[in-house]
Structures are given as structure tokens and as C-alpha cells.
Amino acid sequence: MAEEAEEIPVVYLHDIRRQYQQGETTLTILDGAKLALWAGQSVALVAPSGSGKSTLLHIAGLLEQPDEGEVYVGGDATSGLSDAERTRIRRTEIGFVYQSHRLLPEFSALENVMMPQMIRGLKRSEAADRAREILAYLGLDARVTHRPSELSGGEQQRVAIARAVANAPRVLLADEPTGNLDPHTADHVFHALMQLVSATRVAMLIATHNMDLAARMDRRVSLENGQVIELD
Ligand code: ADP
Ligand code: MG
């Protein structure tokens with residue numbers, strides 16, 4: 001059983017097409033893009049600005065619907081699902097990290113990490129215990145009561161990562177998560193992401209311009225003419 005499950009990608013993008021209407025013209029951003037994300041594998045998405053990285057991540061994260069093609073999560077097609085069902089999958093199976101932390105400013109680090117768990121229906125005490133555990137795992141035990149404004153950029157981003165994995169997602173999507181950080185801090189945040197992949201076997205896709213970090217990941221892909229190509 002376990003072996004069989006391993007052979008199904010956590011997320012599979014099949015022949016994804018995405019176009020945007022720009023006045024009179026139609027921009028084709030993704031054009032038959034295919035990508036499989038596997039449990040325990042980190043994938044770098046390295047491509048120029050404007051080539052469709054964020055669009056691809058949003059589609060993989062069920063934040064945006066493709067015009068054509070199918071997004072499979074755990075082998076199940078998602079295009080026919082209701083908004084409520086897509087939202088449920090997003091909350092339980094998918095973690096998202098952005099370039100800016102997007103933490104709620106009036107809440108502590110702990111509360112920010114508790115939030116997605118409580119939205120999913122966990123009791124406050126259970127959510128707090130788990131939030132503490134994840135924050136400690138990411139080296140933030142001394143920062144749980146801090147608000148985002150009282151944290152450094154790297155700490156804010158690690159709290160955002162803790163929040164993204166609070167519900168133990170099967171896939172973690174990160175859109176230039178170290179793009180705002182200095183090299184040393186970027187390294188620290190990247191380490192936190194990689195640590196989570198090996199500890200939890202989450203499938204990870206990171207859009208990044210940082211070639212050093214990309215080189216340390218399991219696999220590298222790019223976007224060319226709207227399609228995903230393997231690098232190396
Ligand atoms: P990247 O993340 O690689 O920089 P994006 O996925 O953000 O690229 O954008 C790809 C292209 O699609 C860009 O040319 C962008 O201007 C265009 N685009 C993205 N979102 C929209 C939108 N909502 N409406 C119109 N054009 C968009
Ligand atoms: Mg982008």
C-alpha cells in the first residue's frame with residue numbers, strides 16, 4: 001500500500017494553459033505545462049521575471065484556476081470541485097509562502113501559526129501546542145509572543161513557513177521566499193525549508209532567482225514558452 005502511494009505525485013499539473021487578457025491582446029503564460037511534485041522532493045523553479053512562476057504556483061496551490069488542463073492533488077482531479085472543496089484541500093494539503101511574510105500584524109508569532117489550525121477546527125490548546133512545537137523546531141522558541149513588527153526579516157519569514165506547515169500539508173509552495181532577504185538570512189530561511197522537507201517528506205516547489213539555493217535542491221525546472229522544462 002505504502003509503496004503504491006509513493007508512486008502518485010502529491011501534485012500533478014497536466015497540460016496547464018493559462019492566458020491573461022491584456023486590453024486587445026491575449027497573453028499566453030502557460031501553454032501545456034506539465035509538472036509532477038513528489039513527496040520528500042524539493043524542486044527549484046528558476047525562470048526570468050514575467051515568465052509565469054507565480055502563475056504556476058498559484059495554479060498548483062488551487063489559488064487560481066487554469067483555462068485548460070487539470071490539477072491533480074494526491075491523484076484526484078480538482079477542476080470539478082466546488083469552491084468549498086477546493087478551499088478545504090488548500091487548507092489541509094497545501095502550504096504557501098510568499099516573498100513578503102503576510103503575517104497578521106496584530107497577532108503574535110504563536111497566534112499566527114495557530115490561526116490556520118483553528119480555522120480547520122482544532123481546539124485552541126491543541127493549536128497552541130502544535131504551533132509552539134513547530135516554532136521551536138524552526139529555532140523560534142524565544143519569539144513566540146513577538147508580533148511580526150518585533151521580528152527580524154528572517155524570523156518573520158520562518159514564522160510564515162511555520163504557519164504554512166501548521167496543518168501538515170503534503171505540498172509546500174514558496175514564491176521567492178528569500179527574495180527580500182540578505183544572503184546570510186536567505187540561507188537560514190532556505191535551511192528551514194529544506195529541514196521541513198526531510199523531516200516531514202512534504203513536496204516542495206520554490207520559485208527563486210537564487211542559483212546557489214537552487215543548486216542545493218533535489219531538482220531544478222524552468223519555464224520556456226509556457227512549458228515546464230527540466231534543467232541539468
Ligand atoms: P513571474 O512570477 O515569473 O514573474 P507571473 O506569473 O507573475 O510571472 O506573471 C507572468 C505574466 O503574466 C506577466 O507578464 C504578468 O504581467 C502576467 N500576469 C500575471 N497575472 C496577471 C493578471 N492577473 N492579469 C494580467 N496579466 C497577468
Ligand atoms: Mg512571481
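In this predicted model, ligand 1 is surrounded by Tyr-20, Gln-22, Ile-29, Pro-48, Ser-49, Gly-50, Ser-51, Gly-52, Lys-53, Ser-54 and Thr-55. By class, this shell has three nonpolar, seven polar and one charged residues. Two elements, β1 and α2 (53-60), each supply at least two residues of the shell. The largest share, three residues, comes from α2.

A backbone N or O atom of Gly-50 lies 2.7 Å from a ligand oxygen. For Gly-52, a backbone N or O atom lies 3.1 Å from an oxygen atom of ligand 1. Lys-53 places a polar side-chain atom 2.8 Å from an oxygen atom of the ligand. Taken alone, ligand 1 exposes 560 Å². The protein buries 62% of that area.

The structure holds two aromatic pairs. One of them joins Tyr-12 and Tyr-72. This pair is stacked, at 6.1 Å centre to centre and with 25° between the planes. Tyr-12 lies in strand β1 (residues 11-22) and Tyr-72 in strand β4 (residues 68-73), so the pair ties together parts that are 60 residues apart in sequence. Tyr-12 has a relative accessibility of 24% and counts as partly exposed. Tyr-72 is partly exposed as well, with a relative accessible area of 27%.

A further ring contact involves a charged side chain. Arg-102 lies over the face of Tyr-98, at 3.7 Å from the ring centre.

Methods:
Residues are numbered from 1 along each chain as its sequence is written. Chains are lettered from A and ligands numbered from 1 in the order in which they are written. This is a predicted model: local features need pLDDT of at least 70, side-chain atom pairs count only at pLDDT 80 or more; totals for chains, interfaces and linings use all residues. Side-chain values use heavy atoms; hydrogens and water are left out. Rings of Phe, Tyr and Trp (its six-membered ring) pair if their centres lie within 6.5 Å; planes under 30 degrees apart count as stacked, over 60 as edge-to-face and the rest as tilted. Helices (H or I, at least four residues) and strands (E, at least two) are DSSP runs, numbered from the N terminus. Buried means under 20% relative accessible area, exposed over 50%, partly exposed in between (1.4 Å probe, protein chains only). A charge sits over a ring if NZ of Lys or CZ of Arg is within 6 Å of the ring centre and within 35 degrees of the ring normal. A residue is near a molecule or strand if one of its heavy atoms lies within 4 Å of it. A polar contact is a pair of N or O atoms within 3.5 Å; within protein, one must be able to donate a hydrogen and the other to accept it, and residues adjacent in sequence count only if both atoms are side-chain atoms. Accessible areas come from the Shrake-Rupley method with a 1.4 Å probe; for residues, only the protein chains shown count as cover. Ala, Val, Leu, Ile, Met, Phe, Trp, Tyr, Cys and Pro count as nonpolar, Asp, Glu, Lys and Arg as charged, and the others, Gly among them, as polar.
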